[in-house]
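Me: I am new to this structure and would like to learn how to read its features. Please take them one at a time.

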Amino acid sequence: MGMKKANKKHKIAVITGTRAEYWILKPLINEIKNDPDLKLQLIVTGAHLVREFGNTVTDIEKDGFDINERIDILTSSVTDGGITNSDVSVAMGNAMINAPGVWERLNPDVVVVLGDRYEILALAASAHVCRIPVAHIHGGEITEGAFDDAFRHAITKMSHFHFTATEEYRKRVVQLGESPDRVFNTGALALDTIKTLKILSKKELEKKLKFTFNKHNVLVTFHPVTLENDSAIQLQNLLSVLDKLEETHIIFTKANADPGGSAINKIIEEYVSENLIKSVVFSSMGHLRYFSAMQYVDAVVGNSSSGIIEAPSFKIGTINIGDRQKGRMKAESVIDCTPAKNDIIKAFKKLYSENFQTKIKSVSNPYDGQNTARKIVYILKSKMNNLELKKEFYDIDFKIIDKEEANG
């Protein structure tokens with residue numbers, strides 16, 4: 001009798017381009033790496049490979065993951081005054097030029113992408129053209145203040161499998177014409193990390209951050225609002241309000257690799273240099289320090305998705321400023337406000353009100369899917385042997401909509 005052949009391991013390529021995205025993907029990367037039937041292929045690109053954004057590729061290496069490919073896409077202009085809209089376009093072109101060689105070398109069975117960023121759009125498009133199935137995480141969401149909104153929906157149309165963070169988002173992906181049997185509500189991956197993380201004690205965190213917590217503390221992340229021109233003015237309004245808060249210390253994380261991010265970072269650096277006693281700034285905190293900080297602050301402030309998706313799980317408030325996250329589902333712990341000074345002041349008053357502080361203790365997070373990484377891997381494995389590249393456009397039933405319109 002001949003020896004029984006071992007089953008061929010399916011190759012799953014995971015792409016990461018930013019620090020925040022990597023923190024979210026990490027539990028899935030671990031799950032794939034530890035699965036005996038799968039071979040992990042890790043592709044690192046974008047801001048990970050740039051010193052000005054913390055050179056966060058080193059964090060991935062410290063976590064013990066082998067990096068199969070590095071796709072360098074950002075030009076030297078990053079160091080010469082920040083990223084422009086033209087630089088984004090060039091970066092997308094660089095990604096598409098370099099991707100085919102990566103696909104040839106790795107020959108993945110599936111490419112996993114997350115979210116809505118420009119580098120992800122370019123690499124998903126290349127995989128689609130090269131006839132490699134794409135699995136997309138966090139589709140169906142809306143962020144009306146950023147050009148990423150259109151990118152996310154475009155990635156959806158080039159993807160073969162969809163793992164959404166809520167049921168509402170699952171329905172929206174179906175509304176975009178994707179067949180329901182390819183769309184799965186698995187919850188938000190980042191919450192897997194939070195549940196398994198051993199949070200640092202306050203003393204340990206203070207030592208690592210070289211920062212002292214006060215009576216009140218906030219974690220501020222403010223990204224450029226790419227479809228608006230006044231991101232810097234919005235940030236200045238926030239800083240002037242923070243200045244007036246008593247017994248409050250501030251942890252800043254820098255903006256991402258988007259047009260306008262450099263200007264925002266300069267404003268924050270200047271503020272911190274003038275307020276060294278009460279504030280500190282980081283290019284990248286790493287997920288352990290970042291989530292540990294959430295445990296000890298009163299709120300996440302700014303316009304980052306972390307205030308929408310992760311913060312509610314820590315039973316803390318979020319002050320969500322402006323339109324960058326407009327359209328996303330939000331827990332009751334999220335306080336939306338305009339970038340006007342008076343509205344930000346009102347938001348802080350609400351945050352510290354007795355009624356609000358009582359309410360957030362029992363808030364539920366709409367993004368909690370329970371073991372999201374394990375669900376995604378299980379579904380991918382179940383579909384792996386019947387991968388069909390052709391997709392039919394799934395039409396929803398318009399009878400109900402037409403009837404509602406007829407009734408006014």
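Reply: Start with burial: buried means under 20% relative accessible area, exposed over 50%, and partly exposed in between, with a 1.4 Å probe and protein chains only. Helices (H or I, at least four residues) and strands (E, at least two) are DSSP runs, numbered from the N terminus. The model is predicted: local features need pLDDT of at least 70, side-chain atom pairs count only at pLDDT 80 or more, and totals for chains, interfaces and linings use all residues. Residues are numbered from 1 along each chain as its sequence is written, and side-chain values use heavy atoms, with hydrogens and water left out.

Me: Which residues of α4 are buried?
Reply: They are Tyr-118, Glu-119, Ile-120, Leu-121, Ala-122, Leu-123, Ala-124, Ala-125, Ser-126 and Ala-127. Because 10 of the 12 residues of α4 are buried, this helix is largely enclosed by the rest of the structure. Just after α4, Arg-131 has a positive phi of about 60°.

Me: Where is Asn-371 found?
Reply: Asn-371 is in the loop between α14 (354-360) and α15 (372-383). Its phi is near 55°, a positive value in a residue other than glycine. Asn-371 counts as partly exposed, at 45% relative accessibility.

Me: How do I read a sheet?
Reply: Strands of a sheet pair through backbone hydrogen bonds, either parallel or antiparallel. Here two strands pair if DSSP finds at least two bridges between them. In this model, 6 strands form an open sheet with parallel pairing, in the order β10-β9-β8-β11-β12-β13. β10 (279-282) and β13 (334-337) stand at the edges with a single partner strand each, so one side of each has no neighbour in the sheet.

Me: How many bridges join β8 to β11?
Reply: There are 4 bridges between β8 (residues 216-221) and β11 (residues 299-302), which run parallel. Leu-219 stands opposite Val-300 in β11.

Me: What about pockets?
Reply: Rolling a probe the size of a water molecule over the atoms shows where empty space is left. On a 1 Å grid over the protein atoms alone, a pocket is an open set of points with protein on both sides within 12 Å along at least five of seven lines, where a 1.4 Å probe fits; lining residues have an atom within 4 Å of a point. Grid points are joined across faces, edges and corners, and a volume is the space filled by probe spheres set on the points. The largest pocket has a volume of about 270 Å³. Of its 14 lining residues, the closest to the centre are Pro-27, Asp-192, Thr-193, Thr-196 and Ala-373.
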